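Please read this briefing alongside the sequence and the coordinates.

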Amino acid sequence: MTNQLLVKVTIHWLLTVVIIVYLITGFGITEYRIVEPLTFGLLTKSLAHKIHMNLEIPLIILLILHICLPPILRHSKLKKLGNK
Amino acid sequence: MKKTMISRGILFLALSMILIATPGCGVDMDTNKTEELEPVEIREYEGVKLSSIDAFRENSIKGPQEVDAESYVLRITGLVMNPNNYTYDEVVNNHQHYKKVVTLDCVEGWSVTILWEGLLVRDLLEEANPLANAKVVIFHAYDGYTTSLPIDYIMNNDILMAYKMNDVTLPPERGFPFQLVAESKWGYKWIKWITEIELSDDVDYRGYWESRGYSNNADLDKSFFGD
């Protein structure tokens with residue numbers, strides 16, 4: 001696996017995890033009467049709220065990277081091939 | 001023959017007119033009674049657009065509570081000279097009414113602008129005559145929910161305990177009989193189904209959400225986490 005591919009896959013999986021956690025914690029805020037017992041009291045409303053708020057910026061950064069990185073990498077790869 | 005036909009025709013017409021006119025002429029006593037219809041909420045007040053009373057998200061700790069107005073008692077307890085018990089009618093009828101448009105901002109991200117009508121919490125506290133060492137006002141609700149506010153905040157601001165919203169009596173899911181209108185505070189301070197107002201000197205007291213990590217100050221211009 002090349003370095004570029006590793007970066008792409010890492011970003012992809014990180015983004016997937018962040019989106020899932022973001023969704024679960026969102027439900028943990030609005031539907032805390034269901035989520036709290038389902039998680040055996042681990043995900044309380046306030047904890048869900050804190051995690052949810054702290055995930056906002058990482059989510060945006062990962063999303064931007066996920067969208068912008070592949071074309072950038074493709075462009076640099078083509079440039080390298082052209083130089084050869 | 002022709003005369004008989006004409007007179008029969010006139011008689012028929014006269015009888016028909018009497019029959020038609022009778023229901024309208026009789027004064028029906030029941031129509032003079034004022035029947036009370038379902039109240040309709042207003043959606044604009046003095047140029048301010050109001051949210052619907054159905055625009056709230058139901059996020060109370062145990063779901064909507066049904067409080068019986070007949071057996072309801074509001075207790076004023078703790079550090080007061082005159083602990084008081086009020087019935088629903090005593091609270092509503094024996095105190096000055098006030099109206100105010102205030103926006104409730106929930107930590108979940110939604111907000112509603114409502115015309116609240118009620119009495120001042122300050123008026124109730126003044127009747128109970130708080131002791132000098134009373135620093136905190138703790139509100140207890142029918143479902144076990146609690147929250148607290150500094151006594152200075154209650155006494156120095158026009159804080160309503162509302163029994164009407166948008167000209168409609170609070171429905172059970174909105175906090176009947178009383179909801180606190182804790183303006184400039186986050187929504188978790190707006191306690192519903194109030195049953196007891198306790199005065200305390202415990203400045204470290206934390207209510208239901210405050211003891212679970214939310215700010216005890218709950219000022220709208222600050223984060224709802226922390227102090």
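## Chain B in outline

In chain B, which has 227 residues, buried residues make up 28%. The model is a predicted one, and chain B contains 4 helices and 12 strands in it. Of the contacts in chain B with a separation of 6 or more, 65% are between residues 24 or more positions apart.

**The open sheet of chain B**

- Five strands of chain B form an open sheet with mixed pairing, and their order across the sheet is β4-β3-β12-β7-β8.
- The edges of this sheet are β4 (84-87) and β8 (146-150) of chain B, each of which pairs on one side only.
- On average, and with direction ignored, neighbouring strands of the sheet are turned by 15° against each other.
- Within the sheet, β3 (residues 73-78) and β12 (residues 194-200) of chain B pair in the parallel sense over 4 bridges, and in that pairing B:I76 has B:I197 of β12(B) as its bridge partner.

- Strand β5 (residues 98-105) and strand β6 (residues 111-120) of chain B pair in the antiparallel sense, and 8 bridges link them.
- B:V101 has B:L115, a residue of β6(B), standing opposite.
- The hairpin of β5(B) and β6(B) has 5 residues between the strands, and in this hairpin B:G109 takes a positive phi near 110°.

**The helix pair of chain A**

- Helix α1 (residues 3-30) and helix α3 (residues 45-83) of chain A have axes that come within 8 Å and cross at roughly 150°.
- Since angles over 145 degrees count as roughly antiparallel, α1(A) and α3(A) are therefore roughly antiparallel to each other.
- The crossing in which α1(A) passes α3(A) is left-handed, and the residues of the contact between these helices divide into 19 nonpolar, 8 polar and 2 charged.

**Where chain A touches chain B**

- The contact between the chains involves 7 residues of chain A and 6 residues of chain B.
- On the side of chain A that touches chain B, α1 and α3 of chain A each supply at least two residues, and α3(A) gives the most, with 4 residues.
- The residues on this side of chain A comprise 1 nonpolar, 4 polar and 2 charged.

**Backbone details to check**

- As background to the items below, most residues other than glycine have a negative phi, and most peptide bonds are trans.
- A:F40, a residue other than glycine, has a positive phi near 55°, and its place is in the loop between α2 (32-38) and α3 of chain A.
- Is A:F40 buried or exposed? A residue counts as exposed if 12 or fewer other C-beta atoms lie within 10 Å of its own, and A:F40, with 7 other C-beta atoms within 10 Å, is therefore exposed.
- B:E46 is not a glycine, yet has a positive phi of about 50°, and B:E46 is placed in the loop between β1 (44-45) and β2 (48-49) of chain B.
- B:E46 counts as exposed because there are 7 C-beta neighbours inside 10 Å.
- The peptide bond that joins B:F176 and B:P177 is cis, with an omega of about 10°, and B:P177 lies in the loop between β10 (168-169) and β11 (179-181) of chain B.

Terms used:
Residues numbered from 1 in each chain as written. Chains lettered and ligands numbered in written order. Predicted model: local features only at pLDDT ≥ 70, side-chain atom pairs only at ≥ 80, totals over all residues. Axes fitted to C-alpha atoms, helices over the stretch in contact; angles between N-to-C directions. Parallel < 35°, antiparallel > 145°, perpendicular 65-115°, else oblique. Left-handed = near helix turned anticlockwise from the far one by under 90°. Nonpolar A, V, L, I, M, F, W, Y, C, P; charged D, E, K, R; others polar. Buried ≥ 20, exposed ≤ 12 C-beta atoms within 10 Å, placed from the backbone. Contact = placed C-beta atoms within 7 Å. Pairing = 2+ DSSP bridges.
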